[in-house]
Amino acid sequence: METLSIVTIITIAVLGSFGHCVGMCGGIVMAYSSTKIRSNWSKKAQAFSHLFYSMGRITTYVIIGAIIGFFGSVVTFNSLTNSLLLLLTGVMMILVGFSLLGKIKFLSMLEHSCSKSTLYQKTFKKLLGSDSLGSFYFLGALNGLLPCGFVYAFAIIAASTASAFYGAMVMLIFGLSTLPAMFSLGFFVGMFKQSDLRDLFIKSAAVLVLGFGVYMIFLAYQFYTGNVGPLTNISI
């Protein structure tokens, strides 16, 4: 992966996490912060709790990235399928960008919640009732399975790498980039959700997402015309 592309992914994920992710997952963070974490816990214990929660999320993202990256390698047979995969990535990112700007409801359409599932509710309730570090980790892993348009967009990028390893790396970078926002929210519950900075982060992320989407479409064209090598050698 090229340094510039990695920086772009990190920037989009960081800005988007302070905007979109705080709004999407803020409720869960506030729920476990107010229910599982005791007021008499030390700052160190609280920090480890939030860290374990985020590590659980990131683990799920990495597994998803590896699986989708593998399937991406299976379907990439020729220049046409390779370019279509990159084109899909670009279109997805552009739709996410316009959704973050509030122009369309693409993300809200994707983010139908599975929280009404009986199995999910029972597991969530059991984990919420425990204060062990392991319960924070598994709660995060469970949260990582929730439908999320922002995650879907990066999963498409993972698929376009046509590699289980690089697909996992894309989702690892994405997950680590969301850590500052979700970790901070755990300490300052509700702070970012009501902050004017959230709108700024969302708009900044939207512009970057749109630009990245256009770049991916251009890359798809370049690949289709034979101006680049195999997809596995493309630096996403």
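Start by selecting alanine 162, which sits in the loop between α7 (149-160) and α8 (164-187). Helices here are DSSP runs of H or I with at least four residues, numbered from the N terminus. Look at the backbone: alanine 162 has a positive phi of about 55°, although it is not a glycine. Most residues other than glycine have a negative phi. Alanine 162 is also buried, at 5% relative accessibility (buried means under 20% relative accessible area, exposed over 50%, partly exposed in between, with a 1.4 Å probe and protein chains only).

Quick note before moving on: this is a predicted model, where local features need pLDDT of at least 70, side-chain atom pairs count only at pLDDT 80 or more, and totals for chains, interfaces and linings use all residues. Residues are numbered from 1 along each chain as its sequence is written, and side-chain values use heavy atoms, leaving out hydrogens and water.

Now zoom out to the whole protein. Of its 236 residues, 48% count as buried.

Next, color by pLDDT, the predictor's confidence in each residue, from 0 to 100. The mean for the protein is 75, and 71% of residues reach 70 or more. Which helix has the lowest confidence, and which the highest? Helix α4 (residues 106-110) is lowest, at a mean of 60, while α2 is highest, at 88. Then select residues 230-236: pLDDT stays under 50 there, and the model has 30 contacts beyond four places in sequence for this stretch (a contact means heavy atoms within 4.5 Å).

Stay with helix α2 (residues 43-75) and pick phenylalanine 70 in it. Phenylalanine 70 is partly exposed, at 44% relative accessibility.

Last stop: the rings. The structure holds five aromatic pairs (rings of Phe, Tyr and Trp, using the six-membered ring for Trp, pair if their centres lie within 6.5 Å; planes under 30 degrees apart count as stacked, over 60 as edge-to-face and the rest as tilted). One of them joins tyrosine 137 and phenylalanine 138, edge-to-face at 5.4 Å centre to centre with 85° between the planes. Tyrosine 137 is partly exposed, with a relative accessible area of 25%. Finish by selecting Tyr61, Phe154 and Phe174, which form one aromatic cluster.

Technical notes. Helix = DSSP H or I, 4+ residues; strand = E, 2+ residues; numbered from the N terminus.
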